[in-house]
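Here are a few friendly notes to read alongside the model. Take them one at a time, and keep the structure open as you go.

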Amino acid sequence: MAEAHAAVAFSLSVSHEGFNVNFDREVLNLIWLSGKRSWRKRGQRIYNNIRCGIYPGSLKGMTVSVATLSSAYYAGYDPSCGLIPLVQKFMPAGDVGKGLSCAVVGVGIWGGTIFTARTLLRLLFNYKGWMYEERGKGRSVSLATKMWLAAVKILSGWNHPMLYSFQGSLPSLPLPSLDDTMTRYLRSVRPLRDDADYARLEKLAKEFNQGIGNKLQRYLVLKTWWATNYVSDWWEEYVYLRGRSPIMVNSNFYGLDAILAHPTKIQAARAANVTHAALLFRRAIERQDLEPIMIQGLVPLCSWQYERVFNTTRIPGIQTDRLQHLDDSTWIAVYHKGRYYSMPTYYRNRLMEPAELQVMFERILADTSVPSKGEEKLAALTAWERVHWAKTRREFFSKGVNRSSLDSIEKSAFVLVLDDEEYHFDPNDSSKLNHFAQRMLHGNGYDRWFDKSFTIVIAKNGRMGFNAEHSWSDAAILAHMWEFVLAEDNFNGRYDAQGNTNGSVEVELPQPKKLKWEIPTEALEAIEYASNCALVLLNDVDLKLVMFNHYGKGFMKTCRVSPDAFIQMALQLAYFRDAGKFNLTYEASMTRLFKEGRTETVRPCTIESCAWVRSMDDQSKTGEQRIALLRDACRRHQLGYQNAMVGSGIDRHLFCLYVISKYLEIDSPFLKEVLSEPWRLSTSQTPHGQTTKLDLVKHPDCISAGGGFGPVADDGYGVSYIIAGEDVLFFHVSSKKSSPETDSERFGQNIVKALDDIKSMFSSLKKNGA
């Protein structure tokens, strides 16, 4: 009925009697409201861009500056040192010219002050000495850092910053020297190579450094002068978008619910509140109401990745994919029992309330229609190889009703799946949490739209999680949104005593639109092929979760080492016991201290970490010696992490040199070997505490169990972890069942044993009075 009603909203007929125009006032009013909303958003965006462009100043400050200067000049004083009379010569005579001159000079002086402040901030943010200063009891900050702190506070503390306020003041990512990168690289691989192999690699590195490396470096220097960030665009294109393998398991990552909290068991109610909270987060991004993430409350992180959280989809191509991002979308795509729906989230130019959204979801849940042919497993195309999806999309989904329905999914704000099964957490049965995580990582291989920036999954019993595509951002951005959603969902009184959303529905809401498909036999075969291949891929994933509650961050602090370094050393010990050897290890760090920064690699397997790991099973070593070796290893790891954050890492520099060598068609044996080294232990810490809405000290049950990703190497492990408060750690361990070298359950047990052994090492030392 709604489609028929829309079809006759406007009609024009011509007869021998003349023209006859019919139109529906209600539909035209909806069109008017839609356009009005669009123009209002554009105006708001322009206004916010102006406010960010003049930060740390403000429009109010400009007005005060002009008014003060004008008042002084009219009172007989000239604080402009002759500038106003000079400008007045070019203005009309009389009071109008006088006033205009005061305004022009006032705005000029104010603008010059703001420009100077922004330039000074940019220079100050280039200083990274503060990061290397030791913190804690008995440690003092250097005079240079104290002066830097004072200057940053003075220059950035005038007004409340918006999300993008500091973007113009962030420095560009610095390019390390070739000599420094070579030195760091060779040191990082020394514990992994025997003497003969290390000597061979050292020779290759020397030949590269003294030969073609200098030419490649000069091209990179040129790029640093021209581009905002010399890494990020190539990283997005060559690591993500040009990858032709499946993104399910291999690239996408997932996140879980706050497993200790369960605000409602009503699926539609949870879906409604979570959708509403997510769209509030989108509104906060659009209005720039979100505060930028600040390290120590002073140093901002780059916020550019927030632009593509919503309304974003990865579009497949034959040679490379592309990211499609829209400025706005007023609906979400919903998947339930094999059927896709376009569900409006706005009504009469306003965001629907949770109670209204619950009604919309209940209508979808109550629908008894059957899926169209091929519809149920359609998303398997997004799970399997990119070329297969690109060809199928071009041939069968590029026009007609299929194109229209596909647009409804790809141009939606995000995708939400109403799963038809329940997920549970039982501290005495780890298999339930393992199953929960597996479903978030890959589902059935066809019930998640893997191309979408993120897909929220709501279980039949109200549990939830998400699956996210990786090319458009890093996990920290989704973690921020997820924290916001959890806080809104748990703390704002969103549910009544029965578990439904609070509020009532007072208007006649539009109906969710079931999408239509006309999928021919050849396309059905392509979908079935992709589904079968995806099933083989996901069935090979061995994913296990470890909830470690023997201790947490609280104990680590008493050991006087970085909690992240503490965990990384435990992972090194666990891997050595699991594999009987050391291997190249990847830990993701961020470079968001710089404009458009994304990630850099930290290499936790160091000379110092290997010495400590060996000491743990060396009976000749005392507890004091082992602790000393652990602290040395943690200090070295922390230095590597700090270097990565300030742009002095190893791997992104080598990656960019490799890209240039390919453009120039230069074969470098050194770069070829470096870039082909497998990361058999790939790790990442899930960040939390990015929103002030969620106080985990007061509400420890609301911590998320974090999230994870698939294994990077066929014979390796993927490990994601979250320091969930003072007393709990979660580890997400993935590997491949087909590999005889790995076993996620076994590795998880080795992690627990390593953590327990470290605590026993410190505890026995304390008992002995050391």
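1. A term to start with: buried means under 20% relative accessible area, exposed means over 50%, and partly exposed lies in between (1.4 Å probe, protein chains only). Tyr-47 is partly exposed, at a relative accessible area of 39%.

2. Some background on the numbers. This is a predicted model, in which local features need pLDDT of at least 70, side-chain atom pairs count only at pLDDT 80 or more, and totals for chains, interfaces and linings use all residues. Residues are numbered from 1 along each chain as its sequence is written, and side-chain values use heavy atoms, with hydrogens and water left out.

3. Now the cysteines. With a disulfide taken as a pair of cysteine sulfur atoms within 2.5 Å, the count is 0. For Cys-52, the closest cysteine sulfur belongs to Cys-302 and is 12 Å away, too far for a bond. Cys-605 is in no disulfide either, its nearest cysteine sulfur being that of Cys-610 at 3.8 Å. Cys-52 is buried at 7% relative accessible area, and Cys-605 is buried at 2%.

4. Next, find helix α2, residues 25–53 (helices are DSSP runs of H or I, at least four residues, numbered from the N terminus). Tyr-47 sits in this helix.

5. Finally, helix α11 covers residues 267–286. Are its residues mostly buried or exposed? Of its 20 residues, 18 are buried. Just after α11, Gln-288 has a positive phi of about 60 degrees.

Methods. Helix = DSSP H or I, 4+ residues; strand = E, 2+ residues; numbered from the N terminus. Expected span 1.5 Å × (residues − 1).
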